[in-house]
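Have a look at the fold first, then we'll go through it topic by topic.

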Amino acid sequence: MIQSLTHKVRTRSANRRLGGLLAFVAGAANAGGFLAIQRYTSHMTGIVSELADNLVLGNIYLSAAGLAALLAFTAGAATTAVLVNWARRR
């Protein structure tokens, strides 16, 4: 099963299983980090969890900071994808 998830060419089903597995690991890292140090520790899921917590608590400034972090992370990932694909073509 692991080989089907890490193979260079994957099926749609394998991609879904891999995505679910990665989401599970990120959620587990967040939960463990929150229980250990009262902070979310994972990147995207941690940022979104912290953003939701701050919205519920009414911390608008911290919610805006979380949204800025989320946008910066997404923009960085997108920029990296564009640069890597550009470099592969050259």
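A contact here means heavy atoms within 4.5 Å. Counting contacts in the chain with a separation of 6 or more, 12% come from residues 24 or more positions apart. Keep in mind that this is a predicted model.

**Overall layout**
- You'll find four helices and zero strands in the chain, so the pattern along the sequence reads α-α-α-α.
- The C-alpha trace spans about 45 × 35 × 20 Å along its principal axes.
- The radius of gyration is 17 Å, whereas a compact globule of 90 residues would be near 12 Å.

**Burial and surface**
- Of the 90 residues in the chain, 14% are buried.

**A nonpolar patch**
- L21, F24 and V25 make up a nonpolar patch on the surface, and together they have about 310 Å² of accessible area.
- V25, one of the patch residues, sits in helix α2, which covers residues 12–37.
- Is V25 buried, partly exposed or exposed? V25 counts as partly exposed because its relative accessibility is 48%, and the partly exposed class lies between under 20% for buried and over 50% for exposed.

**The segment after α4**
- R90 lies in the segment that follows α4 (60–89).
- With a relative accessible area of 74%, R90 is exposed, since the cut-off for that label is over 50%.
- R90 and G76 are 14 residues apart in sequence, and their C-alpha atoms are 21 Å apart in space.

Key
Residues numbered from 1 in each chain as written. Predicted model: local features only at pLDDT ≥ 70, side-chain atom pairs only at ≥ 80, totals over all residues. Heavy atoms only, no water. Patch = residues over 30% accessible without salt bridge, like charges linked within 9 Å, V, L, I, M, F, W, Y side chains within 5 Å. Areas by Shrake-Rupley, 256 points an atom, 1.4 Å probe, with all protein chains shown as cover. Salt bridge = Lys/Arg side-chain N within 4 Å of Asp/Glu carboxyl O. Helix = DSSP H or I, 4+ residues; strand = E, 2+ residues; numbered from the N terminus. Buried < 20%, exposed > 50% of the residue type's maximum accessible area, 1.4 Å probe, protein only. Rg over C-alpha atoms; globule rule 2.2 N^0.38 Å.
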